[in-house]
Amino acid sequence: VFYQDIVMGFTTFFQFAQVSFTSIENLPLQTMLLKLKNGADANQLAYITHVLTTYGVTVWDYSSAIVPFNKTTSGLAYFFNITTCIAMFISFFSLMSSMYANIYEQTKEIAVLRALGTPKFWMYRIYIYESFIIVMSSSLLGVIIGVIVSYTMTLQQALFTQLP
């Protein structure tokens, strides 16, 4: 005889058992999972818990057990959002200082272009395009690296916890 866990409904269990049980206490159950209908309120859950505990069944409520995990997840989300805002703030000033240094180094080139008759508007456009290309290419590179790192971390978590 092999002993292993199996998940099945009561009707299927009674069909396979081919034995009549006179009481729920005679059922060879180790764990019973119940899913309440959508919209079940706390009174119905309390009633079911009360009935099951009268038979000596230990009731573990998933919704109350997940509350600390939800708080932790929300706290981590706030932390990562704040970290992202700080990184964006630092990146903005980094880009500004980089563009200032770039324009300062190219003052002679700008002077030559202006002497050749390039309008001020075109000069602004050139540097706006340059900054746009820098920002978009670095953003694309950051997204690609972020997706790769998050994918490997998800695979690692699934491997260690054996959760899908």
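A: The axes of helix H5 (residues 107-115) and helix H6 (residues 120-161) come within 10 Å and cross at roughly 145 degrees, where axes are lines fitted to C-alpha atoms, for helices over the stretch in contact, and angles run from 0 to 180 degrees between N-to-C directions. Helices here are DSSP runs of H or I with at least four residues, strands are runs of E with at least two, and both are numbered from the N terminus. The crossing of H5 and H6 is right-handed; a crossing has that hand if the near helix is turned clockwise from the far one by less than a right angle, and is left-handed if the turn is anticlockwise.

The model is a predicted one, in which local features need pLDDT of at least 70 and side-chain atom pairs count only at pLDDT 80 or more, whereas totals for chains, interfaces and linings use all residues. Residues are numbered from 1 along each chain as its sequence is written, and side-chain values use heavy atoms, with hydrogens and water left out.

On the H5 side, Ile110, Leu113 and Arg114 meet Lys120, Met123 and Tyr127 of H6, contact meaning heavy atoms within 4.5 Å. Sorted by class, this contact of H5 with H6 has four nonpolar, no polar and two charged residues, with Ala, Val, Leu, Ile, Met, Phe, Trp, Tyr, Cys and Pro taken as nonpolar, Asp, Glu, Lys and Arg as charged, and the others, Gly among them, as polar.

Leucine 113, which lies in helix H5, is in contact with Thr118 and Met123 once its neighbours within four places in sequence are left aside. The C-alpha atoms of leucine 113 and methionine 123 are separated by 8.5 Å, although the two residues are ten apart along the chain. At 33% relative accessibility, leucine 113 counts as partly exposed, a class that falls between buried (under 20% relative accessible area) and exposed (over 50%), with a 1.4 Å probe and protein chains only.

In helix H6 there is also isoleucine 128, which is exposed, with a relative accessible area of 53%. Isoleucine 128 and methionine 99 are 29 residues apart in sequence, and their C-alpha atoms are 9.6 Å apart in space.

Turning to the whole protein chain, its secondary structure comes to six helices and zero strands. Buried residues make up 7% of its 164 residues. Among contacts between residues at least 6 apart in sequence, 29% join residues at least 24 apart. The chain exposes about 14,900 Å², of which carbon and sulfur atoms supply 68%, the areas coming from the Shrake-Rupley method with a 1.4 Å probe and, for residues, only the protein chains shown counting as cover.
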